[in-house]
Amino acid sequence: MTTPAAQTAPQPTESEGAQRRPSTLLSDVSIIIGGQGGDGTLTVVDLLGRYFRKRGLYVYTSRNVLSRIRGGHADASVRACRAPRASIKSKAELLLAFDQESIEIAKPELDADALVLFDSSVFKADFPNVLGFPFATLAGGQVGQPIYKNTAAYGAISVLMGFDEALTRQVIEERFKRRGAEALQKNLKALEIGRKAALENAAAIDRWSIADGEAHDLILMTGNQAAALGFVVGGGRFFAGYPITPATEIMEYLMRYFPSFHGVVRQGEDELASINMVIGAAYAGARAITSTSGPGLSLMTEGIGHAATAELGIVVVDCQRVGPSTGEPTRHEQSDLAHLAHLGHGEYPKFILSPGSVEDCFYLAADALNLAEKWRLPVILLLDQALSQNAATGPALDLDRVTVARPRHLTPEQLAHLETFKYYELTASGLSPFVPPGTPGVTSQVTGNEHDEWGHVSVNPVNRAKMMQKRMGKLVQARDDLPGPRYFGPADARVGLIGFGSTSGPILEALDWLEQEGIPAKYYQARTLFPVPEATLAPFLDSVDTAFVVEHNFTGQFARLIREEMPAYHAKLRSILKYDGFSFRAPELVEPVREAVHGTKR
Amino acid sequence: MVQSVKPTASTWCPGCGDFGVLAAAKKALVELKIPPHEAVLVGGIGCSGGIHNFLEINGLHALHGRLLAQAVAVKLANPKLTVIAAGGDGDGYAIGMGHFMHAFKKNVSILYLVMNNETYGLTKGQASPTSRVGYEGNVEQPFDAILTALSIPSGAYLARTFSGDPKTMTAVLSEAIQFNRDHRGYAFVEDLSPCVTYNDTFKEWREKVVNVEKLPGYDPTDRSAVFRLCLETMRDGKIPIGVMHRPPRVDGADANPLELKLLPDHVGPAEADIGIEANRVAYQKLLQSVA
């Protein structure tokens, strides 16, 4: 059941809220930056994220923007933590507000005695605990452009939080060096303006200090960027897509990466063109990808079924957002799973893979390409808005963990020894041999109509049954090939959580909270969602009394899929659902588990 | 030598206009000495789209209306292939209209061959985008693909042929395919190909076709002149056929079709070595750049 935002959330043991005093040491801090689109809130988040990383902390950033270019409320947050968190902190210590609207919107997210740092040249903040500096006026007067107010505010925050001065400056230098000497000088000037203003106010100096972390050599990126990199090293060489939030960055990154590797990126005239270009490229022998979100996925559905029947391996990234229809383009949801599992008319096999972290996007993107090509079917790489666009720290991407295998591609020698080459040859493994068009001495016929082994259109009933069994059999025969789950928490815990995608972040945080409350809980992070991974889910479900399936949709889509495939576990499954467009905060997961375990009121 | 797929016998009605196209396409491929394994025919959905089964060639049978998107990508993935997209007027001008327009914009060196019979033959004779007013209750204006193509600024080769004149058609298809093989860009050919079962226009069209190449003022490099000749021919109740645009050879980057712009070294995505070892240094550099 859905839980309201956690007003009664338990605090972690290292909570500092109760006895805050000057120079409180924080090991987990959250800062929200709010303003109008174009105020540069994302730049401040980026600067803070860079600083915290240099201090060895884990960083997680999220953004809340409207679907327009400029204007409208936009906020973003950055969390820095000694513990590896990939979730939004339930309450923030500091809000940097460029307008009053930001305060009203952020209020429910703020700690009881949070501080609002505001731009006093624009408005007078209405909040119990405020500190104002005229950032825009100062920047306008001394740098020449009020827009530098965001860097000035970063300077003030650096004083408030006791940042190391040299490191604070180094972040600016690294961020702006590519913009040219003038931009760098102006930003350095803005930094000094903000620092000076704060240093002149005793209430601002070293209000907090941030504990150093031990997590060095981490990289900070979004799931979309990690997936794009995974596609490059996984041998992806063709991409066609249509711009759609929150998937577009994958296309933009690949436009940068692919040309160095004989790769081609095309922006199609629509999603119909895009999916069919991907099909054409896969037919030609390229590893081909598209990325989209709900509305585009609906348009691509016919093509995905075509690829499955024609037995052409393609990869489709679905960056889920609030649906149906145009829904909320910039907001978070995980509501495409049921559609994907039963995708399209007719029956055909497909795999749905779900990375649970930014770095997992990289590895599963590469895996998806191997699986699609080997099994010659559509592989869906299922992301969600939070995973796609929120930046998180993670270990450096390891090329040695990526393999590129083409087991069904015939070598010229293998081909020379064949008597016949049949594109849809019936084999015990369900896998047919492959050579691309252009291979001397071989021609092929490929079709989305039902066909015989040669690729000739056929309505022969015996053939139809065999071909259905060939295609659908892949769902069984590929099981050992599919990415396995990840397990977290004590093995002997009797409370289980099941989730996928970006919910892994808040679930892992909730496990820690529950442990501190004396409720041991463990987590099954599903990385293959379809076919439903019965072989690993069954022992997990056997080992717990209750399993909470955590997902961002109204109907409990993954829980329903599990029930459909594994009805014996019906009674053990409970759902924790959220469908308001925002990611789970840890208390929203802790509360229903606690209630279920202690039997307290609902 | 390995035995691979062989062409099947045609499923078309006896006397179908598409037989003329099949014969001309076979001849053109032989004349140009294109080995079967180097050519891909992307077929649409409809009677005409089955043509890939009847030729000794690689065949990719696309979704209804999507053959151009698939064909464009085949060429971009491997620019060494000769790629022909072939389908009907319903496939190309109704459900596939978006791709029809954008194909000129993309300018990839493939041939798009539309067999226009002014009806939906496979579903038994409904009005198509090119049907005349009155056919099966049609009250919409017929779509004219050649006038549309002439009005789009592009370097495409354009022609209209008639199945009743296979000799001219063979010459046009040969020229169009060679145009593609020289990487000069997109070629679009509409063939008037009567449906003898639901819209038998052979006799009528034979009387009405006028080859614009024989008209005074014809200049295949001047699209406005050809456009005018087409309009004048149609005003007289006739049907203009012939080479409608034969772009002059232009040197320089602007003249390059998409595959050469995207793949300056002529190695397509399908031909790239994607092994980790072959790319290790570049991959490491890329991954380090994002750290």
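**Exercises: a sheet, its helices and a chain contact**

Helix α20 (residues 586-598) of chain A lies across β19, β20 (521-525), β22 and β23 of chain A, at about 160° to β22(A). Helices (H or I, at least four residues) and strands (E, at least two) are DSSP runs numbered from the N terminus. Axes are lines fitted to C-alpha atoms, for helices over the stretch in contact, with angles from 0 to 180 degrees between N-to-C directions. This is a predicted model, where local features need pLDDT of at least 70 and side-chain atom pairs pLDDT 80 or more, while totals for chains, interfaces and linings use all residues. Residues count from 1 along each chain as its sequence is written, with chains lettered from A and ligands numbered from 1 in written order.

**Exercise 1.** Work out the strand order of the open five-stranded sheet in chain A.

*Solution.*
- Step 1: the order reads β18-β20-β19-β22-β23, with mixed pairing; a pair needs at least two DSSP bridges.
- Step 2: β18 (486-488) and β23 (573-577) of chain A are the edges, each pairing on one side only.
- Step 3: look inside the sheet, where β19 (495-499) and β22 (546-551) of chain A run parallel, joined by four bridges. There, A:I498 has A:V549 as its bridge partner.

**Exercise 2.** Find how many residues each chain brings to the contact between A and B.

*Solution.*
- Step 1: chain A brings 62 residues and chain B 52, contact meaning C-beta atoms, placed from the backbone, within 7 Å.
- Step 2: on chain A's side, α9(A) gives the most, with nine residues.
- Step 3: check the strands too: β17(A) pairs in parallel with β2 (58-61) of chain B over three bridges, and A:V446 stands opposite B:L60.

Note on methods:
Two residues are in contact if their C-beta atoms, placed from the backbone, lie within 7 Å.
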